[in-house]
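Please open the model in your viewer and keep the selection tool at hand.

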Amino acid sequence: MSWFAGLLIGLQEIREHKFRSFLTMLGVILGVASLLAMFGLTAGIASSWRTTMQQMGGLERIGVIDAEVSLELADLAALSPGRTLADAEALRASSRFISHVSPEMQTGATLSATDGATITGRITGAWPDNLVVSQHEVQSGRFITPLDVERGSRVVVLGSTAARDLWPSEPEADRVGRTITINGRPFTVAGILVHYQREEDRQRNLRRGSTSPGSQRGGSVSLAGGRGMGGARRDPFQWKNNSIIVPLTTFYHEFRSGTEDAAPLAMAKIDQLNFRVRDLSHFREALDEASSVLRQAHRGIDDYGFDTREDWFDRMETSLRATQLSGGLIAGVSLLVGGIGIANIMLASIAQRVRELGVRLAVGARRRDIFLQILAESTVIGVLGGFLGLGAGVLLLKLLGAIAPMDNPPVVELSAILISVGFATVVGVLSGLYPAWRASNLDPISALRYE
Amino acid sequence: MAVVELSGVHKIYGTGPDPVAALDGVDLRIDAGEYVAITGTSGSGKSTLMHIVGCLDTPTSGSVMIAGEDISSARTDRLARLRNRSIGFVFQSFNLLPRLDVQKNIELPLVYSGVTARDRRNRAREAAEKVNLTTRLTHRPSELSGGQCQRVAIARALVNDPALILADEPTGNLDSTNGAEVLRLFDELHASGRTIVLVTHDPAVAARAGRRVELRDGRVIRDGRT
Ligand SMILES: Nc1ncnc2c1ncn2[C@@H]1O[C@H](COP(=O)(O)OP(=O)(O)OP(=O)(O)O)[C@@H](O)[C@H]1O
Ligand SMILES: [Mg+2]
């Protein structure tokens, strides 16, 4: 007899005893459902984290930050010019492992559009490399160009939210080429950035049929409505959508020079300095390269450090793994219980079917045929339980989402489905082994006599 | 040609202080095409003998040849194969599977001899024709009379075209009309050349067979033409 014939007999057996089979499967169903829910939740968190991280420049982005000067150099600390534009120029000049360098100066400012509204926001003076380092994408118009920086052009690139806030009455209009004033000085809008949002928000908004960035954002806010003040859902891209970017030189001339102790441009302090690693496989080398460049620029004073996403990434992975482990443990226990349940019911059902097995033996079934028949039956129970568990898991995730909307909607990946059903199958097979062995050792005569 | 050849067969039940010798030195030879009735009082060892001849059980000692093959030391898989291909067993209590329909019950031996589903269907139908049950193929045993059940069991015993058909009191659970019908089937099978061994209490039944073997206390006390 083939496996297939065994499977058919198993299916028949299950069809004959639907309710009993369902009860038998319950443990497996719960186990698979919790396994799938656990995978779904952690995958959801992981995928949100990854997109957020990608939008913030990915692992390749490294920030230069201030650091405590070491004790032996403390007296000399004043010798270091600190983080200046010269650092950025030096990093850009040494470009073996560093592909892009983005210095930034920032200040609060008041913006107003003559044909629109007046808003306040943070404006950033940047280089063209900022486009790559901050992972910006231009929706219309263009980004800051080298020529803008060279000439100190009065152009500005606006994030989608900033643009919408400036002209709230015309959400769909193309604002490129319009003029606004920043702290009273006229600037031309050179470009508008795309509206950044998480993948799941984007899809949700697409389903709602809204297209403009403005109404998209409105949609996402109203969706979270009722949760906390103003329904402000944590949006990792809020800061990016509020970008107001002007050429660094323009920034310096318009908003920096003369205001403070007017250092020349090259020695001007910069608020942020980020660069991008050319190739992640040379991450360490890039850090070493940047370190030696900066040591020279800072005259040997170690008043700088690096902010890498690596630690962040590691922490994220560790906490994800911890969540997976605990979820997996719960799922494992219910699968174990499910397996014991299957074994138990199989033993009971064999006891009920001793005569049937005796008849099968009498007409020529071999031990291994009986073994396969019982094993196939328990496997079918396991697999069916697995599939029902998948359904239950998806329902569970939907239910969780309905009672407690999540910042990181769960993601059901194919691998999670395969692993869950795979576990259920393994449980079905394992729990059938002992009953199958018992059944296959029946002696035909005593089986036929059995009452 | 001998289909069954037993010599010095013993079957001892229990290893304790008072073991029961269900068979106590049986010599028996049955040739192809014979119709043999086994008789004897209750407990004389008829069923034990049938089980050993039917490869459902093995003797404690002695040699058993079935269709030319010594089975006294055969492995369980070999015995299963003989039960499947060479022997058709009809029980007093029918032993049909209650949750399979007639068709599937008749097919059962074929499932274990690797016959394809379509061949199984055809051969089961042929066997059903031989026992006049073609109209009941989709019924379950619980929907049949005792006589019909026993005819299904006979069809199942026939379906693999075995060298030997064994029946242990096949009419024991039937009324006389149904019993007669079943016996008529055995007569037909014998007439078509099959080897039949049948256990019975009924002298009239024994009289229909060509040869009668009588057991007492596990020994053959009479063996001759009727
Ligand atoms: N499994 C067993 N364990 C112990 N003793 C047994 C077993 N099977 C049969 N016997 C004994 O062997 C002897 C022969 O039994 P068997 O069933 O062969 O008798 P029988 O001739 O078929 O009787 P009946 O006409 O009542 O069916 C009996 O004494 C019985 O008690
Ligand atoms: Mg008997």
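Begin by colouring the two chains separately: in this predicted model, chain B and chain A bury about 2000 Å² between them, with 55% of that area on carbon and sulfur atoms.

Next, select the residues that touch across the boundary, where 20 residues of chain B are in contact with 25 residues of chain A. Among these two chains' links, the count of salt bridges is three, and one to display is the pair A:Glu16 and B:Arg140, whose closest N and O atoms are 3.0 Å apart. The interface also holds seven residue pairs in polar contact, with both residues at pLDDT 80 or more.

Now hide chain A and look at the side of chain B that touches it, to which helix 2 (76-85) and helix 3 (102-111) of chain B each supply at least two residues. Which helix of chain B gives the most to this side? Helix 2 does, with five residues. Coloured by class, the side of chain B that touches chain A shows nine nonpolar, five polar and six charged residues.

Finally, move to helix 3 of chain B and select B:Gln103, which lies in that helix. Is B:Gln103 buried or exposed? The residue counts as buried, because its relative accessibility is 8%, and the cut-off for that label is under 20%. Leaving aside residues up to four places away in sequence, B:Gln103 touches B:Arg120, B:Arg121, B:Ala124, B:Arg125 and B:Leu137.

How values were computed. Residues numbered from 1 in each chain as written. Chains lettered and ligands numbered in written order. Predicted model: local features only at pLDDT ≥ 70, side-chain atom pairs only at ≥ 80, totals over all residues. Heavy atoms only, no water. Contact = heavy atoms within 4.5 Å. Buried area = accessible area lost by both parts, 1.4 Å probe. Salt bridge = Lys/Arg side-chain N within 4 Å of Asp/Glu carboxyl O. Polar contact = N/O pair within 3.5 Å; in protein donor to acceptor, adjacent residues only side chain to side chain. Helix = DSSP H or I, 4+ residues; strand = E, 2+ residues; numbered from the N terminus. Nonpolar A, V, L, I, M, F, W, Y, C, P; charged D, E, K, R; others polar. Buried < 20%, exposed > 50% of the residue type's maximum accessible area, 1.4 Å probe, protein only.
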